[in-house]
Structure formats: structure tokens, C-alpha cells
Amino acid sequence: MFGSRKSPGPDQVGSSPSAYPGQGELYAASSRHRRPARRVPRWLKAVTAVVSVLLLGAVAFGGYWAWRLQSNISTSELTAGGERTEGAVNDSTDRLQILVLGSDTRDGSNSQYGSAEDSSGYGQSDVMMLLDISADNKHVNVVSFPRDLLVDVPACTDPKTKRAYPGRQDVMINSAMAQAGIGCAVDTVNKLTGLEVDHFMMADFNAVKELSNAVGGVEVCVSDAVHDPDSGLNLPAGTSQVQGEQALAFLRTRHAFANGGDLGRIQAQQGFLASLSRKLKSEGTLGNPQKTLTIADTITKNLTVDSGLSSVPSLLTIANRLKSIDPANINFITTPTMPAPQDPNRLTLDEPAASNFFSALRNSPDLSQAAPAAPTQAPATPAAPAYDKSLQPISIANGTGVAGRSNAIAGLLSDAGFTNLTKLQAQAQDKTKVYYSAGFEDVAADVAALFGLPAGSVQQVANIQGVQLYAGTDFATGTKPTAPPATPDSSGGVVAQTGSDQTCQSANPTGY
């Protein structure tokens, strides 16, 4: 049988194996070259064992952290039904836009900041910033949208419940995600800017506290001592290190800075982020493995992202792009706004500055590049108006800062045939605008032409009747508003600061 062993036969017992030519010579030669067996030193065995244990430990440690960070991440849909015309981007090499949101939900660990009724639903966006990273990683724009900005929210469908919500007009931008989720906020920003956001990241209050603790505090500066009972912010004049509750209070306070409005809070948020970026860069925080893991764990535990960023490698790709960027090339920008004519406590886009800015941003992440020119010619005045000027309801909102100025402007309108006038006192603003309700577009165009206003200064809004001439400080004297000086800044002069600027926030002098 193939492969079986046979017992030796009688003639084979005790006989020597059959010889073959050269056997003796080969054996003798091999014996002469045979070396005694070498024993492995104990120290080498010990080192080998230690290295093996360390390698196994490193693999297990890395596997644990990969699992932990991955399990921390929550996801949601990128859009709420909004159409996209651009294809998927390469997160490593393409220009990238990420919408960064701060949720004001009071659920879970945030319950101490509100009532039970605040802890349900998607919440509102307490912070909304668009992070724009150039393909070559040389320019980063951080564009802030004031939460009080009135915008049109498109129709959205909740991806969880499949419930459809109709579009809304002139609502605060921070409410965009309250009904249909984060994707509706993304769709709203897309509609507002003409861009297509590639990803989003949303964090809550707890993320700010834990992150500021993880980096050992963030340096901030205030011009005067601040004591705000609403947010709990208490800081002496000058420079301080804030972390935990004080870091959160610094970012949340609405009354402590500037004039106590949302724009002052945005400036403080931008200053905080600029200081944080400098600290991460200068102190080599991201080069310390233990600190890096702590920061990563803190962020992912309090983070919701779209499915395109739902893996640890994807988040590391974004982090690797950001860590190599010079803070001086990080531009913090506030969307150009002005007080809303229908409510001075709300904001609306300041046109044409906002359109010019969004056009520049769409054209290039480098805002030093020229943007496409916006229309500057005034609307043509019809040769024979198809309406009776004396019957058109026109209000004059005096935002010039000069008492009684509306009387002089009313005289100019009366001389032109517009005699159905109402005069209002309004909050001061820089530029004169013309607002109109549906059906009064031609009248608004004639009023704009009368005062030499560009087409970008004419806007349809709700909640007014007829036409409103909102006179700004540029119309404090004379028969026409003063033309603004030319500026080479194609972004409309809205870059507030860069990551390398060390700013000091102006405390609100009116108190809290």
C-alpha cells in the first residue's frame, strides 16, 4: 500500500544500509563543517517577548480607540430633499464646504440649560458657520450666519418621519432645522448662498465645555469686566483663560459684548475660535498622542455628522487638512446684514454687499480674487407710469440719525408727485434701501431711480404696505444718498479677523 511502512525481513535485520557512491566522502565533509548549536541569549528572549507584548498591546489599543471613536459618532441625512447639481467631492483633494452647527437642544447632558419642553425635537442652531477649505489647503473661510437673520426656508422632508413641511418666508435662520432636521438647515444655506454644502458637523453645549477642558483652556480678552447673570459669564478686564462652564458662557452670552446683540456674540465666537486655532498650532497639541485621543474622544461623543463623514478615517482626513493651515490664512467673516425694516430686532441681508460676497465666495475661496461685477445701474424710469403717483402709499423710515430728516426727504418725494406719505422713526443704518410689497415693484423702481439708488438696493419684503424708503446715514444731507467710497476688497469688506489676530471683545456699556 502506498505510503505504508514495512517490517524488516530476516535478511535485513542487523544489516547496514545499502551504500551509494561517495557516501563516505559526503558525510565526512559535512561533519567537518558542522558547527555546535548556538544558544539564544536570555536577554534577547526577554526583549523579543517585551516587543511582542508591546506590539500586541499597540494593536489592541489602536483597535479599542478606533472602535470607541467610531461608536461615538451619530449621523443624520445631509439634505432634507434639496436637489444637488454637483457630484461627490474628494475630501482629501477638493475644495470643501462644511456647515458647522451648534445645537441649542436641552436634551441629555444639556438639560441644565433649559426646560423640559426645550429637550424634544431637533432644536435650533445656536451657532451656524460655513467652513470653506480651498483645494490647496492655503485658504480657509469661516462664514458666520447670525441666528436672527431672516431668510426663506425651502420645503423640507424629515428623513426620519417622512413628514413634508412647506417652505417658509422671512423666518429666523436658526429655526431652519427645528422641523425637518439638520438637512433642512443645509438646504437653507444652499439656497441662501448659491453654494452646495458637502458635509455638516453639529455639536451641542457639552462639546464646548469638554473640548475647552481637553486643551487646557482658551485665552480670551475683554475690554472691561463682564458680569452677565443670564449666561453666567464673569470675567475681569483684560486676558483670561476660560474652560468648562465659563467657555460655554463666553460663547453663549447675548448681552455682554458690543451692543448686546447677535453680531457682538458672533465676534466673540470668532475670537474664541481664532484663539483656539492658535493654541492647537503653537503648542503642538495635535502632536501629543494622549491629548489628540482625548480631543478626538470629546468631539466624537458630542458630534452628529452626515453619512459622508461617519467614519473615523473621514474625520481624520479633514483634521489633517486643517492642522497644516497657517492661522493667518483663516478668515473669519460675518454675512453682511442690516436691521430688518419690519422688525429692528431682526436682521436681513445687506444688499448688494451680501450678493457680492456670496458671488466672490462661489468664484474662489481666495477672497483677494476679483468677483463678478454686480449690477450697479439704477432701474429705468418708465416714460409714462401706469399708475397715479399721488395714490401710492409710501413710508419714509428715518434711519439717518438726524432728527426730522424725514421731513426734507418727504419734500423731495412730494416734488416728484408722490404725496401719499407716512413718516416713521427707525433704527440707524448705513445705507439707504427701498422695500416694497407685492404689486408695487414698478413704484419702488421709480423711487429708487429718483434718488439714484442701484438695483441691488431695491428688495421685496413682507409686512409692509406699498413702498418704504429706508433712509440711512448716507442720506443725512443733500438730495441723494452719498455714494460709498470705492474699495478693492471684493468680499465687501466683511472679513472681521483672521486666526492670527489677537482681538479684545468690547464689553456692552449699557449693562446686562
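**Ground rules.** I worked with a predicted model, where local features need pLDDT of at least 70, side-chain atom pairs count only at pLDDT 80 or more, and totals for chains, interfaces and linings use all residues. Residues are numbered from 1 along each chain as its sequence is written, and side-chain values use heavy atoms, with hydrogens and water left out.

**Cavity count.** I found two cavities of 30 Å³ or more. A cavity is a set of points on a 1 Å grid over the protein atoms alone where a 1.4 Å probe fits but cannot get out, and lining residues have an atom within 4 Å of a point. Grid points are joined across faces, edges and corners, and a volume is the space filled by probe spheres set on the points.

**Largest cavity.** I noted a volume of about 90 Å³. I listed 15 lining residues, with D126, V127, M128, F145 and R147 nearest the centre. The elements giving two or more residues to this lining are β3 (125-133) and α6 (262-282); β3 gives the most, with five. Helices (H or I, at least four residues) and strands (E, at least two) are DSSP runs, numbered from the N terminus.

**R147.** I placed R147 in the loop between β4 (140-144) and β5 (150-153). R147 counts as buried because its relative accessibility is 18%, the cut-off being under 20% relative accessible area (1.4 Å probe, protein chains only).

**Second largest cavity.** I recorded about 40 Å³ of space here. Its lining includes V153, P154, Y165 and R168.

Conventions:
1 Å grid on protein atoms, 1.4 Å probe; cavity = no way out; pocket = protein on both sides within 12 Å on 5 of 7 lines; lining within 4 Å. Buried < 20%, exposed > 50% of the residue type's maximum accessible area, 1.4 Å probe, protein only.
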